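Keep the structure open while you read.

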Amino acid sequence: MIERTEAGDASFGAALLAGVGVGLFAGPQEAVARAVRLRDVTVPNQEASAFYDQLFGLYKEAQAALAGINHRLHALTQG
């Protein structure tokens with residue numbers, strides 16, 4: 001299960017910690033409980049997950065097979 005929150009950037013976390021630091025919250029757990037809002041929940045599809053695992057395996061094979069060519073292409077473009 002994947003839970004996404006409304007605010008997810010680093011500044012929000014920093015603000016929560018600042019609130020803990022100045023005594024607005026008793027601790028990080030209270031800050032999260034009072035300020036973090038859940039946007040949605042996604043339950044992974046097991047069939048799709050297995051399919052994408054297979055695709056990722058093929059991607060890794062392709063990447064390994066093309067590594068030498070990609071390094072040569074990079075060298076050519078760098079002059």
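Phenylalanine 51 comes out partly exposed, at 46% relative accessible area. Bear in mind that this is a predicted model. With that said, here's the rundown.

**Aromatic pairs**
- The ring count lands on 2 aromatic pairs.
- Phenylalanine 51 teams up with tyrosine 52 in an edge-to-face pair, with 5.4 Å from centre to centre and 65° between the planes.
- Phenylalanine 56 and tyrosine 59 make a stacked pair, since their planes sit at 20° with the ring centres 5.9 Å apart.
- Here the planes fall under the cut-off of 30 degrees, so the pair counts as stacked.

**Where the stacked pair sits**
- Both phenylalanine 56 and tyrosine 59 belong to helix α3, which covers residues 46–77.
- Along that helix they are 3 residues apart, or about one turn.

**Exposure of the ring residues**
- Tyrosine 52 is exposed, with 53% relative accessibility, because the exposed class starts over 50%.
- Phenylalanine 56 is partly exposed at 46%.
- Tyrosine 59 is partly exposed too, at 45%.

**Glycine 13**
- Glycine 13 is found in helix α1, residues 10–21.
- Its relative accessible area is 30%, so glycine 13 counts as partly exposed.
- From the C-alpha atom of glycine 13 to that of valine 36 is 9.6 Å, and the two residues are 23 apart along the chain.

Note on methods:
Residues numbered from 1 in each chain as written. Predicted model: local features only at pLDDT ≥ 70, side-chain atom pairs only at ≥ 80, totals over all residues. Heavy atoms only, no water. Phe/Tyr/Trp six-rings, centres within 6.5 Å; stacked < 30°, edge-to-face > 60°. Buried < 20%, exposed > 50% of the residue type's maximum accessible area, 1.4 Å probe, protein only. Helix = DSSP H or I, 4+ residues; strand = E, 2+ residues; numbered from the N terminus.
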